[in-house]
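Colleague: I am new to this structure and would like to learn how to read it. Please take me through it feature by feature.

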Amino acid sequence: MKRLLIIGLCLLTLWPSTGLSYTSPGKPSGFINDFAQILSADVKTDLESKLAAFDKQTNHEIVVATIKSLDGDDIESYANTLFREWGAGKKSANNGVLFLIALDDRKMRIEVGYGLEGALTDIESKTILNEYVQPQFKNNDYNAGIIAGVTHIQKSIIGEVIPIAKQTNKQSKIGFSIDLALFAIFVIVPWLGSVLGRSRHWWLGGVLGGVIGSILWFISAFLLLIPLFIVVGLVFDYLVSKNFQQDKKSWWAGGGPHGWDRKSDGGSFGGFGGFGGGSSGGGGASSGW
């Protein structure tokens with residue numbers, strides 16, 4: 001069973017994700033972007049001032065976004081794409097956090113930039129969502145839930161201890177496997193796609209597949225993994241190379257997902273100056289209510 005799980009995770013990381021249906025909610029107008037219109041005017045104003053002051057004091061950018069629907073996308077990929085589109089956090093530090101709420105899907109996620117993953121861990125993010133936000137959302141009190149989420153995100157970033165709910169070893173291992181898979185999907189796969197898409201020969205994909213298969217064979221003693229991953233690598237290389245030739249600004253060509261191309265300085269969004277151009281590799285946690 002363990003071997004099958006390893007094989008499945010590796011196959012998942014090599015599977016092209018072009019079927020995702022991300023739809024941008026629009027440009028940010030500040031730290032609070034209530035596209036789903038679930039916040040009261042007073043709370044929205046207070047949180048905007050609170051996060052602006054936090055940015056000024058700590059140089060960390062916490063962004064809240066509420067949307068009506070994910071439109072068929074999953075919360076992890078949507079949050080990661082939106083994070084990169086808006087460029088939360090400073091480019092040099094990647095110190096941004098996105099707190100995303102999808103109302104109709106009843107899902108939420110805290111997406112953490114590379115630079116804050118040590119301060120705001122995946123376990124802490126999960127605890128904030130489940131212990132402080134979820135109870136309020138279940139009572140349809142979105143104002144209180146978002147205030148609680150923002151408050152505890154700030155506390156975690158500045159070093160205050162967030163009480164962590166006890167987890168079994170099995171839950172911890174599952175959580176680590178999920179984090180590893182997300183890292184592979186959002187970081188390793190795009191990078192491999194960018195490299196292989198530009199190569200003129202398919203054999204490079206086969207070589208990489210053979211290397212992965214050899215590593216897994218060494219771990220599992222299952223010899224057939226080598227030819228299996230050679231074939232997977234060749235097919236993967238063929239797909240990304242074909243995609244690159246058709247659209248050289250595509251995701252596989254090293255640009256943003258779904259043809260998105262954003263300047264790294266965060267751009268200009270009307271009266272709001274924009275964020276600093278930070279990025280995230282999939283750190284954080286998701287939950288529902």
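Modeller: First, the ground rules. This is a predicted model, in which local features need pLDDT of at least 70 and side-chain atom pairs count only at pLDDT 80 or more, while totals for chains, interfaces and linings use all residues. Residues are numbered from 1 along each chain as its sequence is written, and side-chain values use heavy atoms, with hydrogens and water left out.

Colleague: How many helices and strands does the chain have?

Modeller: Helices (H or I, at least four residues) and strands (E, at least two) are DSSP runs, numbered from the N terminus. Here there are eight helices and five strands. Their order along the sequence is α-β-α-β-α-β-β-α-α-α-α-α-β.

Colleague: Which strands pair with E2, and in what sense?

Modeller: Two strands pair if DSSP finds at least two bridges between them. E2 pairs with E1 in the parallel sense over three bridges, and Ile32 has Val64 of E2 as its bridge partner. E2 also pairs with E3 in the parallel sense, over seven bridges. In that pairing Ala65 stands opposite Leu100 in E3.

Colleague: How do I read burial?

Modeller: Buried means under 20% relative accessible area, exposed means over 50%, and partly exposed lies in between (1.4 Å probe, protein chains only). Of the 289 residues in the chain, 48% are buried. In E4, five of the six residues are buried, so this strand is largely enclosed by the rest of the structure. For strand E2 (residues 61–67), the count is seven of seven residues buried.

Colleague: Which residues of E2 lie on each side?

Modeller: In a regular strand the side chains alternate between the two faces of the sheet. On one side of E2 are Glu61, Val63, Ala65 and Ile67, on the other Ile62, Val64 and Thr66, and all of them are buried.

Colleague: What is in contact with Ser125?

Modeller: Contact means heavy atoms within 4.5 Å. Ser125 belongs to helix H4 (residues 122–138) and is buried, with a relative accessible area of 0%. Leaving aside neighbours within four places in sequence, Ser125 is in contact with Ile110, Val112, Leu120, Gly284 and Ala285. For the chain, take the contacts between residues at least 6 apart in sequence: 74% of them join residues at least 24 apart.

Colleague: How should I read a pair of aromatic rings?

Modeller: A pair of aromatic rings is described by the distance of the centres and the angle of the planes. Rings of Phe, Tyr and Trp (its six-membered ring) pair if their centres lie within 6.5 Å; planes under 30 degrees apart count as stacked, over 60 as edge-to-face and the rest as tilted. The structure holds six such pairs. In one of them, the ring centres of Tyr22 and Tyr78 are 4.8 Å apart with planes at 55°, so the pair is tilted. Tyr22 lies in the loop between helix H1 (2–13) and strand E1 (32–34), and Tyr78 in helix H3 (residues 75–86), so this pair ties together parts that are 56 residues apart in sequence. Tyr22 is buried at 13% relative accessibility, and Tyr78 is buried at 1%. Elsewhere, ring pairs link Phe137, Tyr142 and Trp289 into a cluster.

Colleague: How is Ala144 placed: buried or partly exposed?

Modeller: Ala144, in helix H5 (residues 142–157), is partly exposed with a relative accessible area of 23%. Its C-alpha atom is separated by 9.0 Å from that of Val43, 101 residues apart along the chain.
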